[in-house]
Amino acid sequence: MNDFPITVRFPIHWSEMDAYGHVNNARYFTWFESARIAYMNRVGLVSPEMQKPEGGVGPIVAATNAEYLRPVVFPAELVVGARVTRIGTTSITMEYAVEDAQSGVRYARGGAVLVTLQYPTYQKVPVPTEVRAAIEALEGRIFE
């Protein structure tokens with residue numbers, strides 16, 4: 001997980017298992033969401049201003065994907081990493097990884113494209129300069 005500047009750890013709960021004896025595929029998107037929100041909070045793109053009537057700038061998921069490499073079974077403790085791979089004019093592309101917290105075995109990888117919107121009108125807006133700078137500082141590189 002050294003290549004992922006934001007990580008979130010949590011245990012697998014018995015209730016996350018499905019009839020086939022492994023964690024249900026939909027849970028991975030919840031794990032990705034947890035890492036994504038931690039990342040967006042860190043760079044200032046998720047804030048209480050989004051919920052105010054006058055609104056603010058925030059992200060919305062435009063696309064997401066997952067590649068399942070091996071099943072997760074109970075008991076396990078996971079670490080989920082998030083990083084940004086691209087910053088566009090009005091979009092941010094993220095990448096995720098799910099690993100066993102003890103062994104480092106990778107269970108899945110995924111990604112998402114986020115669009116920056118002005119809430120509550122849902123109008124696309126450019127990625128704010130201060131958010132771009134915060135992402136570049138966190139990632140340790142400049143995005144073209």
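Me: Which residues does Glu 67 touch, not counting residues up to four places away in sequence?
Reply: This is a predicted model, in which local features need pLDDT of at least 70, side-chain atom pairs count only at pLDDT 80 or more, and totals for chains, interfaces and linings use all residues. Residues are numbered from 1 along each chain as its sequence is written, and side-chain values use heavy atoms, with hydrogens and water left out. Contact means heavy atoms within 4.5 Å. By that criterion, Glu 67 touches Tyr 107, Ala 108 and Arg 109.

Me: In which strand is Glu 67 found?
Reply: Strands are DSSP runs of E with at least two residues, and helices are runs of H or I with at least four, both numbered from the N terminus. The run that holds Glu 67 covers residues 57-68 and is strand β2.

Me: What is the geometry of the pair formed by the rings of Trp 14 and Phe 74?
Reply: Rings of Phe, Tyr and Trp (its six-membered ring) pair if their centres lie within 6.5 Å; planes under 30 degrees apart count as stacked, over 60 as edge-to-face and the rest as tilted. The structure holds seven aromatic pairs. For Trp 14 and Phe 74 the centres are 5.4 Å apart and the planes are at 90°, so the pair is edge-to-face.

Me: How many residues apart in sequence are the parts that the pair of Trp 14 and Phe 74 ties together?
Reply: Trp 14 lies in the loop between β1 (6-11) and α1 (26-42), while Phe 74 lies in the loop between β2 and β3 (77-87). The pair therefore ties together parts whose separation in sequence is 60 residues.

Me: Is Phe 32 buried or exposed?
Reply: Buried means under 20% relative accessible area, exposed over 50%, and partly exposed in between (1.4 Å probe, protein chains only). Phe 29, three residues from Phe 32 in helix α1, has 29% relative accessibility and counts as partly exposed. The value for Phe 32 is 1%, so Phe 32 counts as buried.

Me: Over the ring of which residue does the charged end of Arg 83 sit?
Reply: Arg 83 has its place in strand β3 and is buried, with a relative accessible area of 19%. A charge sits over a ring if NZ of Lys or CZ of Arg is within 6 Å of the ring centre and within 35 degrees of the ring normal. The charged end of Arg 83 is 4.1 Å from the centre of the ring in question, which belongs to Phe 4.
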